[in-house]
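This report examines a predicted model.

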Amino acid sequence: MTRDILGLGQVRIHAGSVSRIEAMKEAAEILEAAGAVTSSYFDAMQQREATISTYMGNELAIPHGLNETKGTILDSALSFVRYDGGVDWDGNPVTFVVGIAGKDGEHIELLSHIALLFSDEDDVERLRSAQTPEELYELLLAMY
């Protein structure tokens, strides 16, 4: 993972919980603030979620848009938010919400890297134990 895909401002930790919609909205807003997507990307995420859940297991959801909405993507980027209070993702417990915007098909590579990272329980525990967004960010850069 490079700093141009994920900057420190795109990593957050929240003590509480939010709804799935609120988590998706925050993921989209972070990506928009990073200049990676248009304001329509949240709608694209909702369309994807209506088609198939972006819940991946192991406390992870990866909201992203549909191929048909790729015009809302300006550049490749990630948002990474940890909700210590959890998110109910249609009955599934989620702690980590990773928003993905992949330009020119790059989303497949980003998705596979994130899925691989979350397949290792020790790595997930290290991400869960980070105390600050800065610490979480450095861990992500080192693990990716």
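## Helix 5 and its partners

The buried residues of helix 5 pack against strand 1 (11–14), strand 5, helix 3 and helix 4. Those buried positions are Leu-136, Tyr-137, Leu-139, Leu-140, Leu-141 and Met-143. With helix 4, the axis of helix 5 comes within 9 Å, and the two cross at roughly 155°. Because angles over 145 degrees count as roughly antiparallel, helix 4 and helix 5 are roughly antiparallel to each other. On the helix 4 side the contact is made by Asp-123, Arg-126, Leu-127 and Ser-129, and on the helix 5 side by Glu-135, Leu-136, Leu-139, Leu-140 and Met-143.

Pro-133 also belongs to helix 5, which spans residues 133–143. Its relative accessibility is 27%, so Pro-133 counts as partly exposed. Leaving out residues up to four places away in sequence, Pro-133 touches Leu-8, Val-11 and Ile-13.

## Helix 1 against helix 2

Two packed helices are described by the angle between their axes and the distance between the axes. For helix 1 (residues 20–33) and helix 2 (residues 41–51), the angle is about 135° and the axes are 9 Å apart. Helix 1 and helix 2 are therefore oblique to each other. The crossing of helix 1 past helix 2 is right-handed.

Helix 1 contributes Arg-20, Ile-21, Met-24, Lys-25, Ala-27, Ala-28 and Leu-31 to this contact, where they meet Tyr-41, Phe-42, Met-45, Gln-46 and Glu-49 of helix 2. Two of these residues, Lys-25 and Phe-42, are also related through a charge and a ring: the charged end of Lys-25 sits over the ring of Phe-42, 4.9 Å from its centre.

## Aromatic cluster

With ring centres required to lie within 6.5 Å, the count comes to three aromatic pairs. Phe-96 and Phe-118 form an edge-to-face pair, with 5.1 Å from centre to centre and 65° between the planes. This pair links distant parts of the chain: Phe-96 is in strand 6 (residues 92–101), whereas Phe-118 is in the loop between helix 3 (107–117) and helix 4 (121–129), 22 residues apart. Both Phe-96 and Phe-118 are buried.

Ring pairs join Phe-80 to Phe-96 and Phe-118 in a cluster. Phe-80 is located in strand 5. Its relative accessibility is 2%, so Phe-80 counts as buried. Beyond residues up to four places away in sequence, Phe-80 touches Leu-6, Gln-10, Val-11, Arg-12, Phe-96, Val-97, Val-98, Phe-118, Leu-127, Leu-136 and Leu-140.

Ile-114 is part of helix 3. With a relative accessible area of 0%, Ile-114 is buried. Apart from neighbours within four places in sequence, the contacts of Ile-114 are Leu-60, Ile-62, Leu-78, Val-98, Ile-100 and Tyr-144. Between Ile-114 and Leu-139, which are 25 residues apart in sequence, the C-alpha to C-alpha distance is 13 Å.

## Positive phi values in two loops

Most residues other than glycine have a negative phi. Glu-59, a residue other than glycine, has a positive phi near 70°. Glu-59 lies in the loop between strand 3 (55–57) and strand 4 (60–61). Its relative accessible area is 21%, so Glu-59 is partly exposed.

Asp-90 likewise is not a glycine, and its phi is positive at about 50°. The position of Asp-90 is in the loop between strand 5 (77–89) and strand 6. Its relative accessible area is 53%, so Asp-90 is exposed.

Technical notes: Residues are numbered from 1 along each chain as its sequence is written. This is a predicted model: local features need pLDDT of at least 70, side-chain atom pairs count only at pLDDT 80 or more; totals for chains, interfaces and linings use all residues. Side-chain values use heavy atoms; hydrogens and water are left out. Rings of Phe, Tyr and Trp (its six-membered ring) pair if their centres lie within 6.5 Å; planes under 30 degrees apart count as stacked, over 60 as edge-to-face and the rest as tilted. Helices (H or I, at least four residues) and strands (E, at least two) are DSSP runs, numbered from the N terminus. Buried means under 20% relative accessible area, exposed over 50%, partly exposed in between (1.4 Å probe, protein chains only). A charge sits over a ring if NZ of Lys or CZ of Arg is within 6 Å of the ring centre and within 35 degrees of the ring normal. Axes are lines fitted to C-alpha atoms, for helices over the stretch in contact, and angles run from 0 to 180 degrees between N-to-C directions. Angles under 35 degrees count as roughly parallel, over 145 as roughly antiparallel, 65 to 115 as roughly perpendicular and the rest as oblique. A crossing is left-handed if the near helix is turned anticlockwise from the far one by less than a right angle, and right-handed if clockwise. Contact means heavy atoms within 4.5 Å.
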